[in-house]
Amino acid sequence: MTDSNETSNGRRDFLKGAALGTAAVAGAAGGLFAGIDPRTGNLAMPQARAQDMRYKMAFIQWQPHTVPAAWSKGIEDVLGPQQIVDYELLDGQNKVEVQASLMDTLINQGASVIFLQPIDSVALAPSIAKAKRSGISVITLNIDATEPHASHVEMNHYFGAMDIARVMGDAMGGQGKVAILNAPPGIIIRDQRTNGFVEGMAEHHPGIEIVADQVADWDRKKAQDVLNTILAANPDLKGVYGVNDSMALGAVDVAKEKGTIGDMVIFGNDGEVAALESIEAGELTGTQYTDVYQQGRLAAAAATVLATGGVPATAFAQQSHLLMPYIIATRDNVGSIQPAQRW
Amino acid sequence: MRIPRATLALLFFFAGTAVFFSVSAPRFATATNVENLMSGFSFVAILAMGQAFPILVRGIDLSIGAIVAVVGMVVFDLTLIFHVPGYLILPMALLTGILAGAVNGMLVVFLRLQPFIATLATLAAYRGLVYSISGRQLVEGLTTTAITDRWIVGIETYYDIGGWTGISQFMQMPWFPLSFFLMLGVFVVLQTVLLATRFGRDLRAVGGNHEAARLAGINTGGIVISAYATSGLCAAIAALIMVARFTTSTEALGTGMELTAIAAAVIGGVSFAGGIGSMFGPVVGAFLLGIVLLGLTLQGVEQFVQQIITGAILLAAVSYDRILVVRRRRRLAADLVAAS
């Protein structure tokens with residue numbers, strides 16, 4: 001009964017968070033534009049475009065991965081039924097020059113809104129400035145840019161990682177050695193997810209020692225190799241934190257192979273469906289789950305408001321910023337994540 | 001002056017591709033798209049010209065993407081950590097590129113390593129070096145700090161030539177990026193060096209027949225090292241253009257760019273058989289790759305299809321090069337038989 005109540009509460013909290021997030025984006029879209037007419041209360045914006053007009057929107061992803069694929073699906077969920085938007089997913093190929101070139105092409109095409117997962121916060125800033133000069137709104141996903149733009153919608157990397165540390169430390173009884181399987185340096189979300197975890201451990205579980213922080217390139221196979229090396233040096237390792245789920249699942253593979261699956265505490269980050277299934281199977285201990293479909297839908301909802309409302313990119317007094325709600329999914333609450341929310 | 005048939009074929013293919021996309025791809029034949037082509041592919045053309053030099057001496061330089069990253073990070077560190085003025089950074093960046101390229105050449109000449117192996121090794125080593133000197137890791141906050149030194153970011157300047165000349169009154173003209181003029185400058189200098197200097201003649205001789213060139217008294221080792229140093233220099237110029245464009249540098253800057261540069265050079269008629277090629281071909285090859293990528297993107301063609309098409313063009317160019325090599329050998333053999 002208690003479990004059922006906790007699950008129910010967890011689900012309610014999660015749905016409440018999602019609803020608040022939606023409200024936040026709606027507020028952001030509505031409240032941050034400069035120049036409200038004090039007489040009519042209307043936004044002082046150029047006249048909305050003709051109703052029969054079609055709008056061009058595109059999402060420039062970093063590189064193919066489950067997360068941007070789910071964002072794109074969420075975006076399509078919102079844009080598709082409207083039947084007035086031509087939407088496409090473009091691949092940045094993990095190269096800033098490719099992303100910049102694609103930005104140029106979309107500006108040339110007269111896109112209404114560009115969704116962007118920048119590889120680098122600074123490197124894409126000139127492209128965003130160029131888009132703004134052309135009146136094109138840019139909405140960034142997960143990695144913010146130094147050039148202010150229409151909106152930024154991101155997972156809660158830092159505080160989520162702090163919570164992972166707290167829950168992981170609890171599962172380890174506040175003692176033992178932990179290794180981090182990390183992304184290559186130079187990426188902001190890597191730093192946020194690492195710093196949040198390290199500082200969370202120091203705050204909640206000072207008895208836990210982080211003995212290794214090795215790069216495994218976001219990759220499951222690489223994570224297996226790296227963890228085997230770490231285990232050779234630290235055979236008494238009790239916990240592994242993968243900065244994304246793929247690396248955490250690589251750690252699960254190693255633990256299964258060595259027969260330590262029940263003893264090793266393994267956490268990931270993102271909340272992709274493979275990780276959730278692994279938690280349900282009693283393999284992965286937990287992950288930070290974000291409804292990435294919803295993240296894409298929120299971005300698309302804001303984009304629709306901007307495009308159909310004829311809001312130019314220069315109409316913003318300041319950039320809106322939405323942190324997505326999340327839960328630390330473990331075996332206790334993973335059932336609260338509905339099939340439609342799994343990506 | 002006789003224009004080689006291969007060059008004519010390349011120009012014809014380039015023009016045909018441009019016409020095809022002008023007709024079929026929306027907003028391809030616009031001033032903005034031409035501007036995007038110039039700003040997005042001038043540095044690729046510079047890299048391709050640089051890459052042509054090792055290929056001309058029957059080598060290859062797989063490390064140019066990593067050299068781009070090394071030079072980019074040197075510029076980043078000198079600007080944001082050490083606050084060195086931009087006018088001093090520019091020559092230091094070029095020297096870094098030349099040095100990195102010369103090391104490649106020395107590995108090939110003194111250790112007699114296969115160019116593929118030597119530059120594959122330095123690709124890894126230079127990329128590792130980038131991570132170890134990365135100011136983004138060493139100093140907190142620099143990941144989100146833009147380079148503002150006007151000597152560096154001034155490279156990303158655009159000129160309204162249509163407005164100055166009055167042509168814009170009659171047709172829409174693109175603004176020309178400084179990087180495009182830098183590319184033209186590199187082209188003029190390297191083409192002159194290659195075709196009108198003793199160094200250029202020796203370089204082609206070493207590429208054509210290394211042993212014969214050595215017996216003729218040419219300093220073959222020096223020539224090979226210079227070829228790789230030239231490649232490094234071009235990588236440095238490309239790095240400066242990219243850093244100016246992005247107002248920063250990243251550890252992954254230039255990743256995979258060696259393959260694009262090699263493709264552009266080979267499409268441009270620089271033969272893997274050595275000794276054959278000019279600077280004109282790599283430039284056209286780079287912009288050909290550019291119009292294909294931009295045109296297909298504007299047509300909404302999936303990017304994996306674009307990569308397949310790019311690969312097919314490269315394959316066609318290599319096959320054509322192979323046919324020319326075989327023909328040349330047959331002709332040479334026939335001449336020898338006739339002479340004897």
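How many cavities of 30 Å³ or more does the structure hold? There are 5 of them, a cavity being a set of points on a 1 Å grid over the protein atoms alone where a 1.4 Å probe fits but cannot get out. The model is predicted, so that local features need pLDDT of at least 70 and side-chain atom pairs count only at pLDDT 80 or more, while totals for chains, interfaces and linings use all residues. Residues are numbered from 1 along each chain as its sequence is written, chains are lettered from A in the order in which they are written, and side-chain values use heavy atoms, with hydrogens and water left out.

- The largest cavity has a volume of about 220 Å³, where a volume is the space filled by probe spheres set on grid points that are joined across faces, edges and corners.
- Its lining comprises 14 residues, and those closest to its centre are A:Trp62, A:His65, A:Gln117, A:Ile189 and A:Trp218; lining residues have an atom within 4 Å of a point.
- The helix α2(A) gives the most to this lining of the largest cavity, with 3 residues, helices being DSSP runs (H or I, at least four residues) numbered from the N terminus.

- The largest pocket holds about 1100 Å³ of space, a pocket being an open set with protein on both sides within 12 Å along at least five of seven lines.
- Among the 33 residues lining the largest pocket, B:Pro4, B:Arg5, B:Ala6, B:Thr7 and B:Gly269 are the closest to its centre.
- The largest share of that lining of the largest pocket, 9 residues, comes from α15(B).
- The second largest pocket, with a volume of about 630 Å³, is lined by 26 residues, and A:Gln93, A:Lys95, A:Val98, B:Thr260 and B:Leu293 lie nearest its centre.

**Aromatic rings**

- Over all chains the count comes to 13 aromatic pairs, in which rings of Phe, Tyr and Trp (its six-membered ring) have centres within 6.5 Å, with planes under 30 degrees apart counted as stacked, over 60 as edge-to-face and the rest as tilted.
- B:Phe21 and B:Phe28 form a tilted pair, 5.6 Å centre to centre with 40 degrees between the planes, and both are buried (under 20% relative accessible area, with exposed over 50% and partly exposed in between, for a 1.4 Å probe and protein chains only).
- B:Tyr87 and B:Trp151 form an edge-to-face pair at 5.7 Å and 70 degrees, and B:Tyr87 counts as partly exposed because its relative accessibility is 48%.

Methods: Helix = DSSP H or I, 4+ residues; strand = E, 2+ residues; numbered from the N terminus.
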